[in-house]
Amino acid sequence: MYYTLSNSARCKSTVNYSLSADSDPALSIDSVSGSVMLSVNPDFESKNMNIINISGLYNVSPQILPSDVITLSEKGFEKVICNRPDLEVPADLQSQVIENAARQAGLLFEYHPLTHDTMYHENIEKQMEFVDACKSPVLAYCAGGTRCTVAWALAQVGKMSKDEILKTTRMAGY
């Protein structure tokens, strides 16, 4: 838990808000409005990319940064698949920015946004066609890697037993 919000009013006309002692020290709160604020500037640029191999050439990751594509190129990746819709990310992490960085690093790029509303058969097949066209590792990314993993799992139905699919995704942390 990042913070606990407490209302000190117990039948009083005024309300005062406070953070509990075990709340994250990077948070502060306005005692009158209850607005919780981050008191430090998050440094997203220094976070390391988390590549998780699901099976064979198929790897997933939470959101990547433009600078991460250099690492992917150095590790021998051939293609990046963005499964995260641009509406979910700020302008500096949208697909076109990542695509430009990927192409500059010599990587192929596919923008294939997936949501629970678009996880239908044709999109799952298309995802796997992107992978099957490659001879080197592929990285699919979204917010946390889950959508990319679900797409892989759905593509395995009829090829693997459900227990094997679940075991594979569980071993990868999904």
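## Salt bridges and their surroundings

Arg84, Glu88 and Arg147 are linked in a network of salt bridges (a side-chain nitrogen of Lys or Arg within 4 Å of a carboxyl oxygen of Asp or Glu). The model is predicted, so local features need pLDDT of at least 70 and side-chain atom pairs count only at pLDDT 80 or more, while totals for chains, interfaces and linings use all residues. Residues are numbered from 1 along each chain as its sequence is written, and side-chain values use heavy atoms, with hydrogens and water left out.

The structure holds 4 salt bridges. Three of them, with their N to O distances, are listed here.

| Salt bridge | N to O distance |
|---|---|
| Lys79 and Glu110 | 3.8 Å |
| Arg147 and Glu88 | 2.8 Å |
| Arg103 and Glu99 | 3.0 Å |

Take Lys79 and Glu110, whose side chains meet in a salt bridge. This pair links distant parts of the chain: Lys79 sits in strand β7, Glu110 in strand β8 (residues 108-111), 31 residues apart. Helices (H or I, at least four residues) and strands (E, at least two) are DSSP runs, numbered from the N terminus. Lys79 counts as buried, at 5% relative accessibility. Glu110 is partly exposed, with a relative accessible area of 24%. The cut-offs are these: buried is under 20% relative accessible area, exposed is over 50%, and partly exposed is in between (1.4 Å probe, protein chains only).

Next, the side chains of Arg147 and Glu88 meet in a salt bridge. Here too the pair links distant parts of the chain, with Arg147 in helix α4, Glu88 in the loop between β7 and α2, and 59 residues separating them. Arg147 is buried, at 16% relative accessible area. Glu88 counts as partly exposed, at 35%.

Arg103 and Glu99 both lie in helix α2, 4 residues apart, about one turn of the helix. Arg103 is partly exposed, with a relative accessible area of 44%. Glu99 is buried, at 19%.

## Helix α4 and what follows

Why is α4 largely enclosed by the rest of the structure? Of its 11 residues, 8 are buried. Among them are Arg147, Cys148, Trp152 and Gln156. The buried residues of α4 pack against β5 (52-55), β6 (58-61), α3 (121-132), β9 (138-141) and α5 (contact means heavy atoms within 4.5 Å). Gly158 follows α4, and its phi is positive, near 90°.

Val157 is found in the loop between α4 (146-156) and α5 (162-171). Val157 is exposed, with a relative accessible area of 59%. Val150, Leu154 and Val157 make a nonpolar surface patch of about 240 Å². Patches are made of residues with over 30% relative accessible area and no salt bridge; like charges are joined within 9 Å, nonpolar side chains (Val, Leu, Ile, Met, Phe, Trp, Tyr) within 5 Å. Accessible areas come from the Shrake-Rupley method with a 1.4 Å probe; for residues, only the protein chains shown count as cover.

## Asp86

Asp86 lies in the loop between β7 (79-82) and α2 (95-104). Which residues does Asp86 touch, not counting residues up to four places away in sequence? They are Gln94, Ser95 and Tyr111. Asp86 and Pro113 are 27 residues apart in sequence and 8.0 Å apart in space, C-alpha to C-alpha.
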